[in-house]
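Here are some exercises to work through with the model open on your screen. Try each task before you read its solution.

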Amino acid sequence: MKLKYFSAPYLAWMIVFILVPLLMIAYFAFTSDNGEFTMKYISDVGQYANIFVRSIWLSLIATAICLVIAYPIAFILSRMDKHKQGTMLMIVMLPMWMNFLLRTYAWMTLLGNNGIINHILGMVGLGPVKLINTSGAVVLGMVYNYLPFMILPLYSVMEKIDKSLFEAASDLGCSSVSTLFRVVIPLSMPGITSGITMVFVPAISTFIISRMLGGGSNLLIGDLIEMQFLGNAYNPHLGAAISLVLMVIILVIMTVMNQFDPDEQVLM
Amino acid sequence: MENIISLKDIVVEFEDGEKILKNISLDIKDKEFVTFLGPSGCGKTTTLRIIAGFLEPTSGDVFFDGQRINGVPPHKRNVNTVFQRYALFPHLNVYENIAFGLRVKKVPEKEIRKRVCEMLEMVNLMGFEKRSVNRLSGGQQQRVAIARALVNHPKVLLLDEPLGALDLKLRKEMQIELRRIQQELELTFIYVTHDQEEALTMSDSIVVMNNGYIQQIGSPTDIYNEPVNAFVADFIGESNIVNGSMPEDCIVEFTGKRFRCVDKGFEPNESVDVVIRPEDVKIIPEKNAELTGIVESVVFKGVHYEMCVDSADNKWIIHSTKACPVGSVIGMTFDPDDIHIMKKTEDNT
Amino acid sequence: MKKLGKIYLVLVLLFLYVPIFVLIVFSFNETKSRSVFSGFTLDWYKRLFHNRIIISSLINTAIIAVIASIVSTVLGTLAAIGIHHMKKVPKAVVMNITNMPIINPEIVTGVSLMLLFVFFAARMNLEFGFVTLLIAHITFDVPYVILNVMPKFNQMNPHIFEAAQDLGCSPVKAFRKVVLPEIMPGVVSGFLMAFTYSLDDFVVSYFTSGSTSQTLPITIYSMTRRKVSPEINALSTLIFVAVVIVLIVKNAIENKAAKKNGSYRGN
């Protein structure tokens, strides 16, 4: 028996439950209820341009903030003593193991109008300030939930950078700032690009964070899709069309990201 | 000649109290090829890192061209380093690796090109500019590392066991090449190695180190012919080292016999280390000999045979162009000036 | 500089942990207030244990996670063996499709499966519930198993399988004796990953579950949509404690294994 046939059960599963469903999205996006080809739903997506713009904008901001916060953390972790690194990494990643609904709920109670932050602000005579149901709260939720996704790939790339490269840079005249720009950042580029995708993709497609922290006024693409399938606006054709556009946006952004990630380079 | 680098009373102690360098003082002359030689853990690399600026000594002073440079960070020192495993930047190609230091200093593009090309020529890597450094052989990476350091026109080049990862033939070639580059550019090279043969081939002077101390400083011939103690004698080439004593000037007693030698000035009956190189042991017929032994093994080494001879309490290593059959009894003798007498050092080895 | 780094690390850790600790503290609060601690109580924990919906969805989650991860480990390991022996082009095609559920937003995976199940539900006697959930979980689990096992095949010396046969093993025995031990670490980590993803999943489950069969994350979601209830805080506390215990045990096992390996090398 040939070993490659071992994969037959999975291939059948893959075709039925991965490939066909994705083709169904494409099919639904381009057909009407009676099965005729139509561009109506795709063009209808244009009506929600503002939601698309908001989603892209908020998730870009969240991704940028994650990158800025995570970069030094990953660097510090990667330069710790080897035996401390494992434990410290576990401590940093531990909150990610909590269900993300609970993590988001935690911020809901913190930011709420009766929440602890407003309570403290009230005691010093400030506020109450509207914290929850703002786009700021949505970005905060994204950063909080997805920060570990940025730290992990950055750390795993930086950990492999040989310390002697920093010494070589310094030996050749680099101050610590120019070592950062000439050596550390170029060498951690693969981590930066995969960190950005790992934060951006879930951020742009979330509907929980916007619903729990953004109230009704900060709809994102995810909310829009969810409404077409499980909400009052039931319209799977439009939902499929929006999903398709979302996939295209992500594809475009990932292609752009790959430009910064020269794959021939092998890390030593 | 002037001293380009001076170390004064350098001590390095790590946080856990371990002393790596225990009082090192050393002057390095300009345009010299100096080698730090010693077994691993002797402190040679630590000394190099102090000169490069990667490590601050716990106490003591570092002088460069007469100026104290303690606390000056590596990027402000006029020295460059060739690292042990090269530390080439994997994200840059050959050209950009070599140009790195010049770009940092914002040297004009035209001059960068000129200087990088000179270097490529010098290390025989013309045509490799665009090549990724990950796709170079070990020897080529080595050349890039040397070019990357030298393109900055440092006054001193530090080399940390740069040939350790290369195979024997390539290592021999690179030894000659490094020596040529050093003489051509008239630079000071400070070279760290544990390979005594490498040190003897390349250096103007050798600093033998062990256990955080400098054991001896001198030219290769001095160090080979006149080792100051048993450690140096043993580390530089193979040696037969036996215990002996000096009953009077120019007479040494070992293995219960007296031999004539050329050393004097010891206390009467002072106990000493007697060092005799394997090639200085002469084989003579057994019946004429003061010292005899049984040949235990013979190994052909190319230019000579290496024999191990068992004689009473000692084993002798003998290098000779003639082989004696295993099991035969031979006599041994020594010329007076081949017998090196060394004071017993208190054990800092 | 080092000190600055430490301060920064502590600040980020505070950002990560303070919300969770506030949640934990208020799980012991007597009143429903989210800002004032008025007294210690274990009432919310008692209520939690008497909440039928939570308990049943917890059991449901566990059953689905166990079955889904076991099925996907078997399916995925067999798949990895097969894919490893494929030619270059089919291999690339299969791996690209396998990566889809990982790269795609979860909501797209969820919605696409929902469309498929709606299609089947209309034509066959399929109801949204346990079966659809299980299929969905297996679907997003298998790629993680494959991605964990594949590298083990690539690292493996291809000649050991032949060497075992040369030394008298039948192909089946050679596989069991030589290949399986080599890929086992990948199989185990693939299984664990599949299991945790199944336990934790909300989005895909949300689109593929019916009213009859709910998982814990879906129950949590509906609780957060309704009134404030410190029961959620109590639940969070228990989950946090469970996570900490699991991670500490995992770390201890890994350290022990590392030490063991170290001492072998030492001998």
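**Exercise 1.** Which residues in helix 1 of chain A meet which residues in helix 3 of chain C?

*Solution.* First, a word on the ground rules. This is a predicted model, where local features need pLDDT of at least 70, side-chain atom pairs count only at pLDDT 80 or more, and totals for chains, interfaces and linings use all residues. Residues are numbered from 1 along each chain as its sequence is written, while chains are lettered from A and ligands numbered from 1 in the order in which they are written.

Now find the helices, which are DSSP runs (H or I, at least four residues; strands are E, at least two) numbered from the N terminus. On the chain A side, look for A:P9, A:Y10 and A:W13. Their partners on chain C are C:L75, C:G76, C:L78 and C:A79. Being in contact takes C-beta atoms, placed from the backbone, that lie within 7 Å.

(Ala, Val, Leu, Ile, Met, Phe, Trp, Tyr, Cys and Pro count as nonpolar, Asp, Glu, Lys and Arg as charged, and the others, Gly among them, as polar.)

**Exercise 2.** At what angle do helix 1 of chain A and helix 3 of chain C pack?

*Solution.* Start with the axes, which are lines fitted to C-alpha atoms over the stretch in contact, with angles from 0 to 180 degrees between N-to-C directions. The angle comes out at about 110°, and the axes are 7 Å apart. The two helices are therefore roughly perpendicular to each other, a label that covers 65 to 115 degrees.

**Exercise 3.** How many residues of chain A are in contact with chain C, and which helix of chain A supplies the largest share?

*Solution.* Count the two sides: 57 residues of chain A touch 55 residues of chain C. Then go helix by helix on chain A; helix 1 (8–30) and helix 3 (49–78) are among those that each supply at least two residues. Helix 1 of chain A gives the largest share, with 14 residues. Finally, the chain A side divides into 45 nonpolar, 11 polar and one charged.

**Exercise 4.** Where do the domains of chain B lie?

*Solution.* An automatic or database domain assignment gives domain 1 (3–230) and domain 2 (238–343). Their centres, taken over C-alpha atoms, are 39 Å apart. Four residues from domain 1 and five residues from domain 2 make the contact.

Conventions: Parallel < 35°, antiparallel > 145°, perpendicular 65-115°, else oblique.
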